[in-house]
Amino acid sequence: MAIQKTEKIWHNGKWINWDDANLHVLSHVVSYGSAVFEGIRCYETKQGPAIFRLREHMQRLINSAKIYRMELPYSVDEFCKVATELVPRNNLKSCYVKPLALRGYGDVGVNPMNSPVECYMACWSWGAYLGPEALAKGVDVCVSSWTRIAPNTLPAMSKAAGNYMNSQLIRMEAATNGFAEGIALDTAGYVSEGSGMNVFLVHNGTLYTPPLGASVLPGITRDAVLTLCADLKIPVKEQIIPREMLYIVDEVFFVGTAVEVTPIRSVDHIQVGQGVAGPVTRRLQEEFFALTSGSKPDRHNWLTPCGAAVSASR
């Protein structure tokens with residue numbers, strides 16, 4: 001999915017033109033993947049563009065950087081303020097917002113400590129991640145032959161660029177074999193997550209999802225779905241999930257900033273349930289989009305209007 005160029009990008013406190021956001025080829029991040037980032041949806045509402053769970057995303061950005069001993073010179077509030085200015089500067093009603101912090105041009109060795117930390121934030125228009133029909137009709141996925149990163153190797157709780165080399169292998173293998181996505185197992189052989197999204201299963205009315213210990217990124221949308229389940233009185237269990245459970249449950253779906261709430265209609269060519277979005281998936285999907293579109297009251301304060309001041313309490 002090609003990026004649609006916009007006008008302005010924020011870089012280290014200044015607004016620069018899209019084409020001026022360049023790096024030296026020997027920047028530390030190029031050789032070693034030393035960057036952390038976020039992906040955030042901004043939704044069009046009747047009240048104007050609003051960013052979904054902005055503070056939670058920016059806090060995770062700072063947490064990711066902290067794990068890698070990367071000191072960021074901006075606070076959560078400062079990052080949030082930039083995001084709410086970024087969208088109107090680019091005249092977008094809805095978009096994908098991407099803040100990132102990286103190790104720039106400095107030392108050429110593995111030790112990143114003497115390479116400067118640079119911060120960027122960009123946004124662009126982005127539709128349905130797995131295609132326009134995925135949200136309605138669901139997608140076909142496979143269980144990947146690539147295992148998710150092992151504990152105490154790369155920290156799965158950090159949304160770090162290097163982690164996504166693993167994700168690329170999962171996604172490329174799936175695409176090569178004719179699937180929309182792949183689901184990876186953890187090193188113990190239990191269900192972990194997709195290449196860049198969390199996984200939920202529904203069986204006999206109960207929702208199941210892998211725990212964070214299964215090499216799972218603590219997804220912001222994952223957390224939102226768990227909150228919606230509490231609202232809607234849908235029972236939830238966070239537990240280890242055997243691979244074969246994917247084949248016999250009633251429903252399976254992905255959640256994430258990019259995929260939002262996307263049904264899975266088959267796993268390894270085995271039909272999931274009736275092969276369409278099941279009732280629990282549909283209910284959660286409808287509630288999610290009702291809240292993000294502003295058609296229902298923002299009861300959890302998940303939407304931050306663009307151009308508005310962001311208080312420390314949001």
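This is a predicted model: local features need pLDDT of at least 70, side-chain atom pairs count only at pLDDT 80 or more; totals for chains, interfaces and linings use all residues.

Numbering runs from 1 along each chain as its sequence is written, and side-chain values use heavy atoms, with hydrogens and water left out.

Start with the aromatics: a search of the whole structure turns up 14 aromatic pairs. Rings of Phe, Tyr and Trp (its six-membered ring) pair if their centres lie within 6.5 Å; planes under 30 degrees apart are stacked, over 60 edge-to-face, the rest tilted.

Select Tyr 43 and Phe 288. Their ring centres sit 6.4 Å apart with planes at 80°, so call this pair edge-to-face. Tyr 43 is in strand S4 (residues 40-45) and Phe 288 in helix H8 (residues 279-292), so the pair ties together parts 245 residues apart in sequence. Tyr 43 counts as buried at 11% relative accessibility, and Phe 288 does too, at 2%; buried means under 20% relative accessible area, exposed over 50%, partly exposed in between (1.4 Å probe, protein chains only).

Next, pick Lys 98. It lies over the face of Phe 37, 4.5 Å from the ring centre (the cut-offs: NZ of Lys or CZ of Arg within 6 Å of the ring centre and within 35 degrees of the ring normal).

Last stop: Tyr 68, in the loop between helix H2 (54-67) and helix H3 (76-89). Tyr 68 is partly exposed, with a relative accessible area of 31%. Helices (H or I, at least four residues) and strands (E, at least two) are DSSP runs, numbered from the N terminus.
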